[in-house]
Amino acid sequence: MRDVKSLQGKYLTDAWRTTERTFPVVEPASGAVLAHAADCAAAEASQAAEVAWEAFLAWRSTSAFARATLLARWHDLILANEEVLATTMAREMGKALKESRGEVRYAAGFVGWYAEEAKRVYGDLFPGQDPDKRLLAVPQPVGPAFGITPWNFPLAMVTRKAAPALAAGCTFVLKPAEQSPLSALLLADLWLEAGGPAGTLQVLPTADPAAVAGPLIADRRVRKLTFTGSTEVGRLLYAQAAASVKRISLELGGHAPSLVFEDADLDVAVAQVMASKFRNAGQTCVCANRVYVHRSLVDEFAARYTAAAERLVVGDPLDPATDIGPLVDEQAVAKVERHVADAVAGGARVTTGGKAAGGLYYPPTVLTDVAPDALMLREETFGPVAPIVAFDSDAEAVRLANDTEYGLAAYVYTRDLARAFRVSEALEYGIVGVNDGVPSAPYAPFGGVKQSGIGREGGPWGIEEYLSVKYVSLGLGPA
Ligand code: NAD
């Protein structure tokens, strides 16, 4: 099964199955229906919990080396299928093809990294007071895990969860976003082709997320909930997971500040704030959402940044020349329009863009003189809009940056090492990029503080989320 049409109506539990009810997956670029996806509901979710538990009983007893071999094969197959994965993603959620190809490699990166890490889940033999006891701390898989992912990274948000889960010996049930179920189904098909045992990775597309999530979160055999998405939904799921005291990971919204200090290398700052802001048309949780620039540089920065934004190519996501594709849906465009209109009403000046370009397209937009109470300085915009605001001192920059309930990523541009340390330590964020607008990597810890989430994904931190430590105290008896 390697094309979109063959995925119609399909979901995966211990085998490919079909639902009678389906929902349309619509291409943001054209409004055309790309495919009709399976519309799973409570019955399929309960069945998935059963399958996940049964499969877990066998999967947890496989050797780490066997799991590593399967993950390594999955990694190779994902890379070998880059073109179909990238074009499916570009079509179902509008990501420009060159970025979609990059995401395929990024997604494979998690699988490759955790293929290796599976073999390095070590326990401890540690000292105690009694000479006739031996004390062990043994890491074990937490159990079946349930993951819910967003549409903005249809592959990488899945592998960032599923790869460490499978490496640790957990089985994994995925509910992909309704905008991007096809990429997730292709990934699961490749897992089967790699030799992944039936039931270890399941995918349940649905148009009604609560109907599928409810039974899986309530089920006591499902021991872990991992969610990436908005803070609003994360809060709801956190409360639901409390009833069965599940292990929880939440990767939630962001509202990233970029701080450009007076000693910054302007070439670096402009290029990195561009990359950070306009990746995926501004639809990433770590996107620079607010750009604070020292007053001495603000005019020059704004001029150079505006010129760079004007060079971006807006167009069909399948055209390899395109930098910015359409936004994901009408609500996304409406939110960007609302934020821009609000800023302009408050006195902001639009230096480029500022008007929807037809369909779901919105051009790269830069604003200056944005009032402190503007919506775009308070909420996640999730679109290609960069508000530039002047500051006068380091203390003011840090205060503005921290003045939010979010705490995912922040960026600092400076050539002064002491300032880089002081400011990054003062920022209440889980990730700080210093002269680096794109810090995410499969081997690094990704996650937020405050209302941006709980837990970390990536690197050795990411697999800890799927392990619990069993303490074994072994009495040796008389010698
Ligand atoms: P969303 O919260 O609306 O949806 C995310 C997922 O949750 C989807 O699969 C959706 O179907 C599901 N969902 C929605 N309501 C649900 C419910 N009641 N019960 C169970 N599941 C439900 O978010 P979105 O609009 O798809 O994604 C954008 C958001 O995700 C942004 O806030 C962005 O910052 C955040 N995000 C965070 C990270 C991160 O790593 N921190 C990464 C990507 C996106």
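This is a predicted model: local features need pLDDT of at least 70, side-chain atom pairs count only at pLDDT 80 or more; totals for chains, interfaces and linings use all residues.
Select residues 266-278 to bring up helix α9, which has 13 residues and reaches 18 Å from its first C-alpha to its last, close to the 18 Å expected at 1.5 Å a residue. Colour the buried residues of this helix next: Leu266, Ala269, Val270, Val273, Met274, Ser276, Lys277 and Phe278. While you look along the helix, keep in mind that residues three or four places apart in an α-helix point the same way, because there are 3.6 residues a turn.

Now go to asparagine 280, which lies in the loop between α9 and β13 (288-294) and has a positive phi, near 55°. Is this residue buried or exposed? Asparagine 280 counts as buried because its relative accessibility is 3%, a value under the 20% cut-off. Leaving aside residues up to four places away in sequence, display the ones that asparagine 280 touches, which are Met93, Lys95, Glu99, Asn152 and Phe153.

Finally, select the ligand, which is surrounded by 30 residues, the closest being Thr149, Glu178, Ser230, Leu252 and Glu380. By class, this shell has 18 nonpolar, 7 polar and 5 charged residues. Look for the polar side-chain atom of serine 230 that lies 2.6 Å from an oxygen atom of the ligand, and for the polar side-chain atom of glutamate 380 that lies 2.4 Å from a ligand oxygen. Of the 840 Å² of accessible area that the ligand has on its own, the protein covers 87%.

Terms used. Residues are numbered from 1 along each chain as its sequence is written. Side-chain values use heavy atoms; hydrogens and water are left out. Helices (H or I, at least four residues) and strands (E, at least two) are DSSP runs, numbered from the N terminus. The expected span of a helix is 1.5 Å times one less than its number of residues. Buried means under 20% relative accessible area, exposed over 50%, partly exposed in between (1.4 Å probe, protein chains only). Contact means heavy atoms within 4.5 Å. A residue is near a molecule or strand if one of its heavy atoms lies within 4 Å of it. A polar contact is a pair of N or O atoms within 3.5 Å; within protein, one must be able to donate a hydrogen and the other to accept it, and residues adjacent in sequence count only if both atoms are side-chain atoms. Accessible areas come from the Shrake-Rupley method with a 1.4 Å probe; for residues, only the protein chains shown count as cover. Ala, Val, Leu, Ile, Met, Phe, Trp, Tyr, Cys and Pro count as nonpolar, Asp, Glu, Lys and Arg as charged, and the others, Gly among them, as polar.
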